[in-house]
Amino acid sequence: MTLRETSGSAGAPWERPLRGTLDRLVVESERLAGNPLGDPATRPLWVYSAPGVGDEPVPTVYVIQGFLGQVDSWANRFPFELTMLERVDEMFAGGDCPPALVVFVDAWTSYGGSQFLNSSSTGPYLDYLCDEVVPFVDSRYPALPGPEHRGLSGKSSGGYGAMVVPMLRPDVFGALASHAGDALFECSYLPNFPQLARKLRDEFDGSAEKFWAELQAMDRLDMERFENFDLIGYAAAYSPDPERPGRALLPFDVETGRLIDDVWAQWLEKDPVRMAPRHADALRSMRHVYLDAGKSDEWFLDLGAQAFGAELDKLGVEHTLELFDGKHGGITYRYPGAIRELVLALR
């Protein structure tokens, strides 16, 4: 065996040297300090500068993760595939996308995610993203100022955030890309309510708190025993318990499975499809709106994308909607193309 010292990696199929620059930072959030779940206020933040980024300001695309995602998940490798970071780097290095900054944000919570909303059960993650992360990046990198030069992109729960956050904060983000984002809640969420009701009734004495405590005590995720656990995380974002910080109100009765109308209404109020008419001006201000989903998505988020797109049509909002052959997973290859569309619109 011959030892050859090198400053780079071994190359494909292992980690490939980036042509751009990735800064893996750690930031301390004032907004997340003292959050109801006791989750860390110190968060990782990754900032990628594409080849060609120098002193001249460039657009910025913020990328947010799906439920259970953490920022370091973007470095995960799957067989015969580039990582997300390598895909983005390859796109920029190929020369068909102008230089830009791509910022990978961590909004993990002990429930698995925040849906990028402010909630008395999880914390002010909308404010964290918009009022802390964005100013931090703007102050330290050559980012073009203003929402007309910032985009937000994500998949699944990240796709939900990519639709909702620009509606709520058009002063921060002026373009969005949503891959299979959570939408049309009666199709994507409601069908799983009876399964979780039975699970809680039969195995956890009807207690979501007991369910979650046992889940957190395990050293691995038993998907069969804890199927649909994500619904409790969504409830923490959509219907927090006003009497008990850190707890959530489920939108159904555990014993009967019947919808609790006023709680379910809180969920529907946060459905992007139903939010769109209330935020028409914000959506019309977007420089670009990109939506896609697999036609066999297990949570019917292709229907959600179509329903959101139909609302955009009613409001006169131009957008791109692409349905493709695929399911909910295995669609990382689509992310760079959407980032490119945002960059081109944000220049």
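By class, the lining of the largest cavity holds four nonpolar, eight polar and no charged residues, where Ala, Val, Leu, Ile, Met, Phe, Trp, Tyr, Cys and Pro count as nonpolar, Asp, Glu, Lys and Arg as charged, and the others, Gly among them, as polar. The structure is a predicted model, in which local features need pLDDT of at least 70 and side-chain atom pairs count only at pLDDT 80 or more, while totals for chains, interfaces and linings use all residues. Residues are numbered from 1 along each chain as its sequence is written, and side-chain values use heavy atoms, with hydrogens and water left out.

A cavity is a set of points, on a 1 Å grid over the protein atoms alone, where a 1.4 Å probe fits but cannot get out, whereas a pocket is an open set with protein on both sides within 12 Å along at least five of seven lines; lining residues have an atom within 4 Å of a point. Grid points are joined across faces, edges and corners, and a volume is the space filled by probe spheres set on the points.

The structure holds three cavities of 30 Å³ or more, and the largest cavity contains about 50 Å³ of space. Among the residues that line this largest cavity are Gln65, Gly66, Phe67, Leu68 and Gly69, together with Ser157.

The largest pocket has a volume of about 980 Å³. Of the 37 residues that line this pocket, Gly66, Phe67, Lys155, Ser156 and His328 are the closest to its centre. Its lining comprises 16 nonpolar, 16 polar and five charged residues, and the largest share, three residues, comes from helix H7 (residues 230–238). Helices (H or I, at least four residues) and strands (E, at least two) are DSSP runs, numbered from the N terminus.

## Helix H7 and its surroundings

Nine of the nine residues of H7 are buried, so this helix is largely enclosed by the rest of the structure; buried means under 20% relative accessible area, exposed over 50%, and partly exposed in between, with a 1.4 Å probe and protein chains only. The buried residues of H7 pack against strand E5 (118–119), helix H3 (157–168), helix H4 (185–188), helix H5 (193–203), H6 and helix H8 (261–269).

## Aromatic rings

A pair of aromatic rings is described by the distance of the centres and the angle of the planes. Rings of Phe, Tyr and Trp (its six-membered ring) pair if their centres lie within 6.5 Å, and planes under 30 degrees apart count as stacked, over 60 as edge-to-face and the rest as tilted. The structure holds 26 aromatic pairs, and the table gives two of them.

| Pair | Centre to centre | Angle between planes | Class |
|---|---|---|---|
| Phe67 and Phe229 | 6.5 Å | 45° | tilted |
| Trp74 and Phe104 | 5.8 Å | 50° | tilted |

Phe67 lies in the loop between strand E3 (60–64) and helix H1 (84–93), and Phe229 in the loop between helix H6 (208–217) and H7, so their pair ties together parts that are 162 residues apart in sequence. Trp74, in the loop between E3 and H1, and Phe104, in strand E4 (residues 101–105), are 30 residues apart, and their pair likewise links distant parts of the chain. Phe67 and Phe229 are both buried, and Trp74 and Phe104 are buried too.

A charge sits over a ring if NZ of Lys or CZ of Arg is within 6 Å of the ring centre and within 35 degrees of the ring normal. Arg24 lies over the face of Trp46, at 4.4 Å from the ring centre, and Arg225 lies over the face of Phe226, at 5.8 Å from the ring centre.

## Individual residues

Glu86, in helix H1, counts as buried at 6% relative accessibility. Leaving aside neighbours within four places in sequence, Glu86 is in contact (heavy atoms within 4.5 Å) with Trp14, Glu15, Arg16, Leu18 and Arg77. The C-alpha atoms of Glu86 and Pro336 are separated by 9.9 Å, although these residues are 250 residues apart along the chain.

Most residues other than glycine have a negative phi. Phe80, in the loop between E3 and H1, has a positive phi near 65° and is exposed, with a relative accessible area of 90%. Asn228, in the loop between H6 and H7, has a positive phi near 70°, but counts as buried at 10% relative accessibility.
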